[in-house]
Amino acid sequence: MSIKETAALILTILLLFGGAAILFYSSKEERADFTYALSSEPRTLDPALVTALSESRVVKSLFDGLVKLNGKTLKPEPAIARSWTVSANGKEYCFFLRKALWSDGTPVTAHDFVYSWERVLNPSSKSSYDYMLFSILNALNYRQGKVSTFDSVGVKAVNDSTLIVVLEKPLPYFLDLAAFETLLPVNRKCIEKHGLSWVRPENIVSNGAFTLTGHRLNDKMRIKKNQLYWNADKVRFNIIDVRTCEGINTAFNMYETGAADLIEDFPSLITEEILKRSDKCVAPTLGTYFYRFNTSKPPFDDVRVRRAFDLAVNKENLAAYVVKGGEIAAGTLVPPGLPGYIGVEGLKYNPDSARMLMKEAGYPDGKNFPEIELLYNTSENHKRIAEAVAFMLNEALNVKIITANIEWKVLLSRVDNMDYTFVRAGWYGDYTDPNTFLDMFITGGGNNRTGWSNKAYDSLIELASTLSDNNLRMKLFAESETILRDEGPIIPLYYYVSKYLIKPDIKGLYPNIRGYFSLADLYRE
């Protein structure tokens, strides 16, 4: 059978069994200039609460921060801040804001950033990425209630157009952090008026390249060019539809039938065929696919069990024969490619050692080991991976793993509440430094969510944050990653590659190790 015939057959199968029916536009609704398909519904559009990459792409199209990343170089560039200065000691940044407007016509000011960052750091905040602001003077103390007023935190609006940020210590990647979604400004009056419903299309006030004009749950979000945006002349698309669906097969159906111009990822069953196509885009990226253990309760409160599970998974085979998209088997959390970081050697597949550890832990040949539920969010690819891992663990350790798929929002809620035993996870670097991966697992970290705690690990991460000597920082990171590998609150499975299917006439997306692109940069040639 030819490639064309194979692809046609697969598409027919996916259309029959892959999920939702193809969605059509109403004759009364203006057709979008560009359609981007997501394989899950964003949990939130609130910058303070966003945790997923799919959410962040949409949020960054609605809100503009002090700086933004260049889609080619990943270097921070002026956004709401037209320029800035840095003190000689590297601890004080002075941002000079341009004249910019909210979508309701009111000016964006330095006070908006003060309000927004206080909202993230407030002790009552539910932000998981609060730690992105902890480099700021007294930010952590305020978050923990050790100082009572935000006036003591190193964020000051000198006037409407000047914002001063004072850090605890010099931080070489602070401008990268300033581009992160958690630090985006939000409109105070809008939030105070509408409360939790402020992100609804009829209520939201934003300052980015687009405004949210419609949102049908598990269907689509429509965003339109913000005519009041400071850089509106550079935004090419007037209307973008962000289609949301549960599962990559449905997204692939939409792409193949012309209902979407861009999708991220593609069905693993047909990866080999897709990799031969000219409309695919595949590149290494700074991300790791892994499984979390709940270390706060048996059986994964025992490091021997966690280590045994890691040793029992053949990650090379998983990457080559199950994932099949060019991904690299992962031995440790931090992926290769970070400047100056060599990293540490990961655990190798060794089922004999795994069985010995299980015996030492009191589970010889799996005897008396409880049935384990492995959770993953709804996705055909996640399903195949979970089933393969469950099979490997059963073969090597004689343990029973029940795989269970749940909606993305439900999974996040359960992980946040530690209501799981074994769960699928993933992480993309927020900036190009090992710290973006390793500080996730400090004690009580907002994205730790394993219950794992290690004082030596915490101390190494803290010490690395105080140093300006990059070589020494990298050594400390390697020491901390060694602890993480040996203690095993997670099983790293593989390193991501960015995988897109994008229509040939769509331009403005450039492969990079962060998997970063902006909807505002895209255009049709």
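Strand 5 (residues 92–97) and strand 7 (162–166) pair in the antiparallel sense over five bridges, where two strands count as paired if DSSP finds at least two bridges between them, and where strands (E, at least two residues) and helices (H or I, at least four) are DSSP runs numbered from the N terminus. Within this pairing, tyrosine 93 has valine 165 of strand 7 as its bridge partner. The model is predicted, with local features requiring pLDDT of at least 70 and side-chain atom pairs counted only at pLDDT 80 or more, whereas totals for chains, interfaces and linings use all residues. Residues are numbered from 1 along each chain as its sequence is written, and side-chain values use heavy atoms, with hydrogens and water left out.

Strand 5 is also joined by five bridges to strand 4, the two running antiparallel, with serine 83 opposite phenylalanine 96 and valine 86 opposite tyrosine 93. These two strands form a hairpin with five residues between them, and glycine 90 in the turn has a positive phi of about 75 degrees.

The open sheet to which these strands belong has four strands in the order 4-5-7-6, with antiparallel pairing. Strand 4 (81–86) and strand 6 (155–159) lie at the edges and have a single partner strand each, so one side of each is left without a neighbour in the sheet. From one strand to the next, the twist averages 20 degrees. Helix 3 (residues 110–121) packs on the sheet, touching strands 5, 6 and 7 (contact means heavy atoms within 4.5 Å), and its direction makes about 160 degrees with that of strand 6, axes being lines fitted to C-alpha atoms, for helices over the stretch in contact, and angles running from 0 to 180 degrees between N-to-C directions.
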